[in-house]
Amino acid sequence: MTNNAFPDGFLWGGALAANQVEGAYRKGGKGLTTVDLMPTGEKRKAIMKGFVPSLEPLEGEFYPSHEAIDFYHHYQSDIALFAEMGFKALRISIAWSRIFPTGEEEAPNEEGLRFYDDLFDTLKKYDIEPVVTLAHFDVPVHLVEKFGSWRSREVVGLFEHYAKTVFQRYQDKVKYWITFNEINMLLHLPFTGAGLTFQENDNVKQIQYQAAHHQLIASALAVKACHEIIPDAQIGCMLAAGMFYPHSCNPADVKLAMDRDRESFFFIDVQARGYYPSYAQRFFKENNISLVTNPGDEKILASHTVDYLGISYYSSRTISSDPEVMRQSTSGNVFGSANNPYVKKSEWGWTIDPLGFRITMNQLYDRYQKPLFVVENGLGAMDNPDENGNIEDDYRIEYLREHIQAMGEAIEDGVPILGYTSWAPIDLVSASTGEMKKRYGYIYVDRDNQGNGTNTRSKKKSFDWYKKVIATNGRDL
Ligand code: BG6
């Protein structure tokens, strides 16, 4: 990478999600949302997959989202710290159930709208550009109860109403939008991604792809509304990116890697190109999936494609046709992966593969020819304060340095990239495990897995490092 890889105006910053930071889960008129039903540990794992014991929080259970890191009451001082690092952008999500507590109201909850107004005004004070996700792993629980969440076409109209409401309200404040966070997560963690719940004998794939169709239509309608209401805004999709490597050059492994990549590309093929990919038909047939669609759906998808591709990248994945190799697979991230001896792993078994990041960005640009926005990338690690109470997180700096370098290389390969919002600038609740000890931040939060602690914020070593990266526009890593 040369010294001037990053263009002027590159949007450096960090990324958060409402349900992982805000807390205040029933304050200000907010309704119950899917993540409010997720405890930690094994119970969380089953729930994320759609096996949900109760649609109300249970007595005596600990739910990390209920208080999270209390960003709801700390956002002003937290944003002041982000500003001190020189952030140009902050990615947040709006909690749908703060605006429409059940998801079905005609009139929005003014107190919820005001909260985000104040948050955007605070960002404006520091010249930080908001990048806002409409749905980041939360669905109002009432919609799960009444309609089965995204199984039902009803939810498309309700989401469109929510999207239009926030576009109208924040049209002068927000110019970068994202429809669904990691839309492909619906296939791996269906309750997390889409509020889907299952019974024993359900045809899970049928339900998932029907829900996917509804989200894709809802996403296209949100793009339409955004373009009409805020003509100078850009709105993107969001993919949990990271390619599958074939474990060997056995063509069977290569074919499997292609199939697994297509599982994810499927969504972006529709959102970026405007139609279902040619391979979908055979896949649907072989898996007994038949989609219920409305007349006019094809036109909606074709007419309202996204402006850019938001991506998260943490890891690459590896796949083998040999069951023995797969048996030795690492716990990896939610995508599952065979062991790759050429790359390191995090404490949670996620591969660390910066070159894979560069390859992934090139692959996505080759495929879609739309600008990318790296809206998540980072290292979840255990941070232990030293005898002076400082956190010397050199491992995090190393991870970020290598990935930022890879991004610079991708830009020089010819990939247009709008910005980089690392996950996450401040410690928060882990989406997959509910833990606090899986920390990502430049800012430490004094809170443990059981919710004990003072919530005090303190700077880690990476804080000053990232500040320098931004000040030099990526020249000094
Ligand atoms: C992405 C999500 O999957 O990865 C975030 O969009 C999430 O919400 C992040 O927090 C890291 O995953 P985890 O499980 O370590 O929190």
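Visitor: Which residues in α15 meet Lys461, Ser462, Trp465 and Val469 in α16?
Guide: This is a predicted model, in which local features need pLDDT of at least 70 and side-chain atom pairs count only at pLDDT 80 or more, while totals for chains, interfaces and linings use all residues. Residues are numbered from 1 along each chain as its sequence is written. Two residues are taken to be in contact if their C-beta atoms, placed from the backbone, lie within 7 Å, and on the α15 side the residues that meet those of α16 are Asp394, Arg396, Ile397 and Ile404.

Visitor: How do the residues of the contact of α15 with α16 divide?
Guide: Ala, Val, Leu, Ile, Met, Phe, Trp, Tyr, Cys and Pro count as nonpolar, Asp, Glu, Lys and Arg as charged, and the others, Gly among them, as polar. By that division, the contact of α15 with α16 has four nonpolar, one polar and three charged.

Visitor: At what angle do helix α15 and helix α16 pack?
Guide: Helices (H or I, at least four residues) and strands (E, at least two) are DSSP runs, numbered from the N terminus, and here the two runs are residues 394-413 and residues 461-471. Axes are lines fitted to C-alpha atoms, for helices over the stretch in contact, and angles run from 0 to 180 degrees between N-to-C directions. The two helices are therefore roughly parallel to each other, a term for angles under 35 degrees, with over 145 counting as roughly antiparallel, 65 to 115 as roughly perpendicular and the rest as oblique. The axes of α15 and α16 lie 9 Å apart, and the packing angle is about 25°.

Visitor: How far apart are the axes of helix α14 and α15?
Guide: Helix α14 (residues 354-368) packs against α15 at an angle of about 30°, and that makes α14 roughly parallel to α15. The residues of their contact divide into seven nonpolar, three polar and four charged. The axes of this pair are 8 Å apart.

Visitor: Is the crossing of α9 and α10 left-handed or right-handed?
Guide: Helix α9 (residues 204-229) and helix α10 (residues 251-273) pack at an angle of about 30°, with axes 10 Å apart, and are therefore roughly parallel to each other. A crossing is left-handed if the near helix is turned anticlockwise from the far one by less than a right angle, and right-handed if clockwise. For α9 and α10 the crossing is right-handed.

Visitor: Which residues in α10 are met by Ala212, Leu216 and Ser219 in α9?
Guide: The residues of this contact divide into four nonpolar, two polar and no charged. Those on the α10 side are Phe267, Val270 and Gln271.

Visitor: Of the residues that surround the ligand, which are the closest?
Guide: A residue is near a molecule or strand if its C-beta atom, placed from the backbone, lies within 6 Å of it, and 15 residues surround the ligand. This shell divides into five nonpolar, seven polar and three charged. The closest are Ala17, Gly380, Ser430, Ala431 and Ser432.

Visitor: Which residue does a cis peptide bond join to Trp423?
Guide: The bond has an omega of about -15°.

Visitor: What radius of gyration does the protein chain have?
Guide: The radius of gyration is taken over C-alpha atoms, and the globule rule is 2.2 Å times the number of residues to the power 0.38. With 477 residues, a compact globule would therefore have a value near 23 Å, with which the chain agrees at 21 Å.
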